[in-house]
Amino acid sequence: MKKLIKNFKQITVLFLALIALGCQEDEAVLPQVVANFTYTLNADNGTVTFINVSENANTYEWDFGDENTSTEINPVKIYENGTYTVTLKAKNVSGATDTFEDEIVVLIPEIATLPITFDGENTKYDAQVFSGAAFSVVDNPDPSGVNNTVTKVGKIVNSGAAYEGFYLDLGAPINLTTDKTIQVMFWSDTAVDILLKLEEGTGAAVETTAGHSGSGWEMIYFSFDSSASYSRFTMFVDGPGTSSGTFYIDNISQIKTADIPCLQTNLELPIDFDCNGIDYTSKIVGNVSFNVLDNPETSGINAQETKVGVITNSGEAFENAFFNLDTPIDFTTLKGIRFKLFSDQALPIKLKLEDGTEAPIEVDVNHTGSGWEELTFTFTSTASYNDMVLFVDGPGTSVGTFYIDDITQVTGEVANPCTAETMQSLSGADLNLTFMSDPSASIIEDGGDFQWIDNPDFDNDVNMSCKVGQITKLGNNPWDNNQIDLDSKLDFDANTGLKIKVWSSRPNTEVRIKLEEIGNAGNNVEQFLTTSVTSGWEELTFPFTSADSNKFNKIVIFFDLNANNTDTYYFDDLALYGSGSGGGGGGAFDSGLLVNGDFENGASPWTIGVGSDPVPVVTDAGNTYYSVDVTAAGNAFDVNMSQKLAITQDATYTLTFDAWSDRSRTILAGIGLSGGDFSNTTEAVNLTAVRQTFTLTLTATGFGAPDARVLFDSGAEIGLVNIDNVSLVLDGTGGGGGAGGGGELIPNGDFEAGNGDGSGWLFFDNGGSSAISSDFSSGGGVYSAKITAGQFNNPGVKAERVGVGVVSPNQLMEVVLDSRVLSLADGAVVNVLAFSESAVDGEPAILHNLGTVNVTPGVWNTNTFTFTSGGTVSGGISLLIEVVCGGATTCDGTVYIDNVSLKIK
């Protein structure tokens, strides 16, 4: 029994020992949980990547501070701008926990969006530069003028290259639906033009230029004729020019065009109601209701969306609008006041001048009630007046709303009485639509409203007809037109073409004449010309050939095809013209590169050397030739007649002419430099009393210059030398009696002259490259022109001002060239452009966009373009072929050009 108890005691002690041992293990210290994290922040998009560095934990609870949570170990979170307290709670399996929190500030840079001030601390002004320009954001270096605060501005540095600049890809597009003007504060210390281009849009890229006077900070305005949206803002300081220097830009914003501030505050003539600096309603009073608003009647002679004055009559006698002028009207020289008035009632309009240096004066003019009409009030006074009073319906009591616009002072001459029409014919043999009688029964309105009306604008030089045709486009379709059915088919065997007098208020209006056969519209031919006169009459001529004869008995007239507007146009005296040749044969003489080679227009532009007396002689048959009476002996090349023209080095010319004399004699004929040596390009010609035709082949060796001359030298013998039918053509291109077309106008069109020296051509790199190349040649030659472009480049080759004195206004021209495309990628195009140049300084050229070349790669392609020369070509025609690349970094274009030809078609 003791043993059992002992043993029991031993067992008990052991049990207690085990329990004690177990208790010691439970109370052991476990590893401590430590919550912690770090993170990385992408500042461009607000993405936070959390890095969990907690210790001795296996579950996690994240609170991101924006009411969102996560149980991931290393979560990724995208935040918007703001400050966030992030909490991490870490746990282990035994329930131990720890918490860690940190504050995160997210500030995502904003992409620049209009308005742009360059002051945004969180705005990304990521300007991309090209062609040598540099851009940075700096403190305003000259706080003055319209930008007199010390803020951040954009700094532009030009290196001196053409078309260098920068662009901004905007965070939100510029929408031109209503606000069509971009205003910019710009700093320059030199007068310069700034070109703004909007790209990457819902419509074609648009651009416009604004001038800066060079006086420091100025606000400049760029207005666009577009309703598209654009995401790229591209600016060129001095556009195609090469100005170098530093410029600054600030406060770029968008406004309505009507909100461009007008600095004028005085009410004085002329008054167009568009100047927002003038308080019209306080300066124009009287007992009518007067205010200014957008033109609610955009039609007729006032179809522009501009401001007009509104006069509302209540029905009282002598209601008037009283103009308190800040500058008096002086009638010393100009005797008239003219303005546009809209009325749908036929009413008398009285204009009275008061508060002057003489007694008040007044004149009444009637309004017919046909909408917008231009009224002229002529006064006999020589005084000055401070107040102008306008009475609509004078003593009458008419009620209504009337609009007034464009008040100006004019000469005030009373319009000459019209010249009544004496005949009219709708026959194809002698067409002459004079509007002597109403032709409406023969005119089909296809989107153009036709009316037979009084001539609204008498012109002593062009059109004094009493009646004309009025066409108002309805804007239903881009092809709105009017069609005239004739009594028979047009005769171009006995006639040269069609002529028409037109009037348009829109500059550069396209007038298109299409000839059709009634009942067979598929049988047609058409031509178009562009007007050179705005708001005035001019006559356009459309040449046709005998190939067009006796085919067409319908004339379709389009004004501004594809413009889809609702403007009003006038036309008159649509008639056949010319006789005998029909423009297609029958002995028409071709002078080639010369002007007036048959002397039918007198002596000009031929010049005469010393010792001779020029006499234009007209024979019984009506032919004119040139007779030089050598009255004094002289040295060689002194007694001569010549004409100046451009000659290309090493080019071969054919000179053809008729010549005879009063007896047998020898003269020299050829080409050479003015005042220089003619000996290597002249030949001796033996004349007799019998008229002979001579043909000389001449190579311009030793010179090539734009001041060369074709020359006939009469030597030292006294007597008569007769010259007629002189023609000079390049390299065997024909002449001396063609079918109405002219000779080749571009020298060295195959680029072979001078072993590929590029004579006669200008080469523009414009960021790319353009040069003579022997890589490829079309038609058996050696050389061609190679043009290569990359991003924002527009290199090209140009034949400048050719055909001076040869090309006439409104002539149909033809351009033919061969092209071989090596590459055209990601927006690269090859443009062909022609320019009708003026010889008058400052008068702009007229652009003809001929289109793009055939892009079939790897082979030579022939491209043919036609266009009509502009109304002014005294400076000749220029032809530009260029490769243009846009903003794509991968844009690439390389093309070879050869065998370029420009002729009068």
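A residue is buried if its relative accessible area is under 20%, exposed if over 50%, and partly exposed in between, using a 1.4 Å probe and protein chains only. By that rule, 46% of the 905 residues of the protein are buried.

**Before you click**

This is a predicted model, where local features need pLDDT of at least 70, side-chain atom pairs count only at pLDDT 80 or more, and totals for chains, interfaces and linings use all residues. Residues are numbered from 1 along each chain as its sequence is written, and side-chain values use heavy atoms, with hydrogens and water left out.

**Stop 1: the whole protein**

Show the cartoon. The protein has three helices and 60 strands. Helices (H or I, at least four residues) and strands (E, at least two) are DSSP runs, numbered from the N terminus. Now show the surface. The accessible surface is about 40400 Å², and 49% of it belongs to carbon and sulfur atoms. Such areas come from the Shrake-Rupley method with a 1.4 Å probe; for residues, only the protein chains shown count as cover. Next, think about contacts, meaning heavy atoms within 4.5 Å. Among contacts between residues at least 6 apart in sequence, 73% join residues at least 24 apart.

**Stop 2**

Select 443–446 and 520–530. The open sheet has five strands, in the order β31-β34-β39-β36-β37, with antiparallel pairing. Two strands pair if DSSP finds at least two bridges between them. Strands of a sheet pair through backbone hydrogen bonds, either parallel or antiparallel.

Which residue in β37 is the bridge partner of Arg512? Click Phe528: that is the partner.

**Stop 3: two disulfides**

The structure holds two disulfides, each a pair of cysteine sulfur atoms within 2.5 Å.

Start with Cys262 and Cys275. Their sulfur atoms are 1.8 Å apart. The torsion about the S-S bond is about -95°, so this disulfide is left-handed. Both cysteines sit in the loop between β19 (244–255) and α2 (280–283), 13 residues apart. Are the two ends buried or partly exposed? Cys262 is partly exposed, at 24% relative accessibility. Cys275 is buried, at 6%.

Move to Cys885 and Cys891. Their S to S distance is 2.0 Å. This link is left-handed too, with -90° about the S-S bond. Cys885 is buried at 5% relative accessibility, and Cys891 is buried at 4%.

**Stop 4: aromatic rings**

Rings of Phe, Tyr and Trp (its six-membered ring) pair if their centres lie within 6.5 Å; planes under 30 degrees apart count as stacked, over 60 as edge-to-face and the rest as tilted. The count is 34 aromatic pairs.

Select Phe339 and Phe377. They are stacked, 5.1 Å centre to centre, with 25° between the planes. Phe339 lies in β24 (residues 336–343) and Phe377 in β27 (residues 371–378), so the pair ties together parts that are 38 residues apart in sequence. Both Phe339 and Phe377 are buried.

Now select Trp503 and Tyr570. This pair is edge-to-face, 5.3 Å centre to centre, with 70° between the planes. Trp503 is in β35 (residues 497–504) and Tyr570 in β40 (residues 568–577), 67 residues apart. Trp503 is buried at 8% relative accessibility, and Tyr570 is buried at 6%.

Last, select Phe37, Tyr39, Phe50, Trp62, Phe64 and Phe100. Together they form one aromatic cluster.
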